[in-house]
Amino acid sequence: MAHLLGAENLSISFGTRTILDGVSLGLEEGDRIGMVGRNGDGKSTLMSLLAERQTPDDGRVTRRRDVTVGYLDQTDVLDGDLTVGQAIVGDAADYEWASNARIRDVMSGLIQEVDWNAQVSSLSGGQKRRVALAKLLTGDDDVIMLDEPTNHLDVEGVAWLARHLKQRWRPTDGGLLVVTHDRWFLDEICTRTWEVHDAVVDPFDGGYAAYVLARAERDRMANVVESKRQQLVKKELAWLRRGAPARTAKPKFRIEAANNLIADVPEPRDTLSLNKMATARLGKDVLDLENVSLTLGNTDLFRNITLRLAPGERLGLVGVNGAGKTTLLRLLNGEIEPTSGRLKRGKTVQTAVLTQEVKELDEVADQRVIEVIENEKRVFNVGGRELSAGQLVEQLGFSAQRQWTPVRELSGGERRRLQLLRLLVGEPNVLMLDEPTNDLDTDTLAAVEDVLDGWPGTLVVVSHDRYLLERVTDHQIALLGDGKIRGLPGGVDQYLELRASALAANSSASTAARGSSQAARAAAAGASRPGGHAAAAEPSGGGGTTTALAGSGASEAEKRAAKKDLTRIERQLSKLTAQAEKINAQMSDATQKSGGADFELIGELNAKLQAVAAEQEELEMQWLEASEILE
């Protein structure tokens, strides 16, 4: 493999703190490298140095002369005066970028729900993030560096990004460097892992699962004194080995070594004992939504839904943006009243909600971390272990020194950890978490999951983090934006299949309608011009603009042949439109009859639909080429 870029003895300090000390490493062609480590340990700094956006105190960055680097910042770097289309493809005409399959894939994966003509300054933070990512992925850089690319992406967006990156970077096609706390994403796309810690970088082969195993082996062989951290790593490893078959089947995961390491590690949760404790604390009735409908403005967000939470239940909630995930939590918490139906609440229920904004800590901004927890209680029972407030705070990553930091000086991730602890020590019996993984590193996430494992109550989690959902919840439900709730016995994979089927159906219907419209416009233009020559019209690339193609100076013979081609293509498009409508109807019937559970039939129909859509797309390009000749 050819060398792309690397570092030789890189060192950098901020104030009196050394972030990196004598780091040497390299990125080769085909590498997809994920960087992990605690917040503040230097992951983003190392990436910035490798991209030559920062200058090291010592050492140097090497780069092959012809290598170009694309970089995704955590911060907003787009020009707010541009439209979405201009920010992504500049002044390129629609037909110029629409003929590129990779660019079309990026647009469909990231920009479907963003107005192509909207000003960037008018977009939400999440939309700006998608536009910046789309701008980067439509380029032709040899190396792409992504700093927290999954922020503001839902489960579906994360899955699309993983698929796109895996297809894009083959063993000899450039390289990828990514910093993210999304462990599913790391394990799905990475061929190597760099752990940044204590001013050094340790490389590991494989994705997150292989890294967890290697780290556990390293700690065991070195006889590490940090027994608490080691046990968390082993527990994480145990979860990975007992998890989805797709993970355990990976050749990189040395199963025999893993089995030896986790032989004495118990299951993450003693479900029976926790359910008994939860029933004792809650009784039989917890929270029930019965035939609930909710209308907000002109939108029917929920229509006649029923949801019953049992004592000790652990429920994960996924859904499309705007489908009402946070609103459902507010309904369960009694913060808003349904338009119809009712919320039935058990007599002993005591709820607590971790919101996305964590504004609740503003009222204790002048207190220190340890004081916030000790105000609630000084001694706690966690999973049968008695812990002091200091020990509990340390378990979630606050060192003895950091425990005395005023709340107002905490980072976003630290505030989320503290608020979660504050909720837990208040001893609720129903806990609702709204995107709890925001701003948390992988080690902290493992610690949070460890705390939740021993928590005896009913848990509801809204998250785009697949790993967390599979790890701490026992089953999931989905909101697909149609006002209903669907159970997901097949987990997140089932949700993605349902969404893919729905999007394919919508895309096919849209493509067919566009093809018919183009044919009609061409026929009308041909009838109104001498000789019946049709003017070429470019399909909308997202903003709905129409662009005339330049004339080709073709001979009369070529024009006659092009005219015949147009007639043939329009007939074929008409037939394909009819086929797409038929398949759409079959998919709709299959979904209604099975509730979306007949994956084999839906998958088969979806494959047919995608084949038709691909053929339509190819014919549309041929139609444009023939029309160009007639200009």
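Four rings, those of Phe-204, Tyr-208, Tyr-211 and Tyr-467, are linked into a cluster by ring pairs. Keep in mind that this is a predicted model. Across the whole structure, a search turns up four aromatic pairs. Here's a quick tour, starting with the rings and then moving on to a pair of helices and the overall picture.

**Aromatic pairs**

- Let's take Trp-97 and Trp-116 to begin with: their ring centres sit 5.4 Å apart, with 35 degrees between the planes, and the pair is tilted.
- Where do Trp-97 and Trp-116 lie in the chain? Trp-97 belongs to helix α3 (residues 94–98), while Trp-116 is in the loop between α4 and α5 (125–137), so to speak a link between distant parts of the chain, 19 residues apart.
- Is Trp-97 buried or exposed? Its relative accessibility is 6%, and buried means under 20%, so Trp-97 counts as buried.
- Trp-116 has a relative accessibility of 7%, so Trp-116 counts as buried too.
- Now for Tyr-208 and Tyr-467: the ring centres are 5.8 Å apart and the planes meet at 85 degrees, which makes the pair edge-to-face because planes over 60 degrees apart get that label.
- Tyr-208 is in helix α8 (residues 208–221) and Tyr-467 is in helix α18 (residues 466–472), so this pair ties together parts that are 259 residues apart in sequence.
- Tyr-208 and Tyr-467 are both buried.

**Helices α4 and α6**

- Helix α4 covers residues 101–110 and helix α6 covers residues 155–168; their axes come within 10 Å and cross at roughly 165 degrees.
- Why are α4 and α6 called roughly antiparallel? Angles over 145 degrees count as roughly antiparallel, so that is the name for how α4 and α6 run relative to each other.
- The crossing of α4 past α6 is left-handed.
- Which residues make the contact? On the α4 side they are Arg-102, Asp-105, Val-106, Gly-109 and Leu-110, and on the α6 side they are Trp-160, His-164 and Arg-168.
- Sorted by class, the contact of α4 with α6 has three nonpolar, two polar and three charged residues.

**The protein overall**

- How many helices and strands are there? The secondary structure comes to 21 helices and 20 strands.
- The protein has 631 residues, and 53% of them are buried.
- Take the contacts between residues at least 6 apart in sequence: 70% of these join residues at least 24 apart.

Terms used: Residues numbered from 1 in each chain as written. Predicted model: local features only at pLDDT ≥ 70, side-chain atom pairs only at ≥ 80, totals over all residues. Heavy atoms only, no water. Axes fitted to C-alpha atoms, helices over the stretch in contact; angles between N-to-C directions. Helix = DSSP H or I, 4+ residues; strand = E, 2+ residues; numbered from the N terminus. Parallel < 35°, antiparallel > 145°, perpendicular 65-115°, else oblique. Left-handed = near helix turned anticlockwise from the far one by under 90°. Contact = heavy atoms within 4.5 Å. Nonpolar A, V, L, I, M, F, W, Y, C, P; charged D, E, K, R; others polar. Phe/Tyr/Trp six-rings, centres within 6.5 Å; stacked < 30°, edge-to-face > 60°. Buried < 20%, exposed > 50% of the residue type's maximum accessible area, 1.4 Å probe, protein only.
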